[in-house]
Amino acid sequence: LAVRDACDQAFPAQAKAGAKAYAAWQARHKALLAELDTRVTLMIRGASKDEKEYMRNVGKYEGSILDYRNSERDELLAQPRDGMEQGCTDFRNYLTGSGSDFQKEYAEELRVLRRRKLPK
């Protein structure tokens with residue numbers, strides 16, 4: 001998301017193409033993204049003593065993720081523009097290509113994560 005946001009900000013005319021590529025990537029990974037979201041939710045629930053603490057923890061983690069994403073975006077935007085346009089094109093191509101198959105790219109990490117079974 002940080003790369004997509006940086007590309008959209010630096011090259012607004014290409015934002016629609018970036019959104020389309022990202023949406024295609026999301027659609028291909030819908031099940032995996034839902035699984036990871038479930039796992040994060042269960043992790044936060046497990047670390048919280050009650051609903052109030054759970055909500056506070058969700059806000060804390062989401063805030064940390066947003067801060068990280070924004071700092072990554074800002075770091076990309078601080079780089080010289082030379083080559084950035086090509087980098088954004090390459091990123092869109094990555095999202096729509098076979099290289100962005102997270103089931104393959106992160107197979108070992110997912111195998112480790114999946115050792116902990118999700119409740120039915």
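At 8% relative accessibility, W25 counts as buried. This is a value from a predicted model, as are those that follow. The ring of W25 pairs with that of F102 in an edge-to-face arrangement, with 5.2 Å between centres and 70° between planes. W25 belongs to helix 2 (residues 15–28) and F102 to helix 6 (residues 102–105), so the pair ties together parts that are 77 residues apart in sequence.

F102 has 22% relative accessibility and counts as partly exposed; the cut-off for buried is under 20%. F102 also forms an edge-to-face pair with Y106, at 5.0 Å centre to centre and with 70° between the planes. Y106 is likewise classed as partly exposed, with a relative accessibility of 35%.

The two pairs described above are set out here.

| Aromatic pair | Centre to centre | Angle between planes | Geometry |
|---|---|---|---|
| W25 and F102 | 5.2 Å | 70° | edge-to-face |
| F102 and Y106 | 5.0 Å | 70° | edge-to-face |

The count of aromatic pairs in the model comes to four, including W25 with F102 and F102 with Y106. One aromatic cluster is made up of Y22, W25, F102 and Y106.

Arginine side chains also lie over aromatic faces. R4 sits over the face of Y22, at 4.8 Å from the ring centre, and Y22 is a member of the cluster with W25, F102 and Y106. R45 lies over the face of Y54, where the distance to the ring centre is 3.8 Å.

Conventions. Residues numbered from 1 in each chain as written. Predicted model: local features only at pLDDT ≥ 70, side-chain atom pairs only at ≥ 80, totals over all residues. Heavy atoms only, no water. Phe/Tyr/Trp six-rings, centres within 6.5 Å; stacked < 30°, edge-to-face > 60°. Helix = DSSP H or I, 4+ residues; strand = E, 2+ residues; numbered from the N terminus. Buried < 20%, exposed > 50% of the residue type's maximum accessible area, 1.4 Å probe, protein only. Lys NZ or Arg CZ within 6 Å of the ring centre and 35° of its normal.
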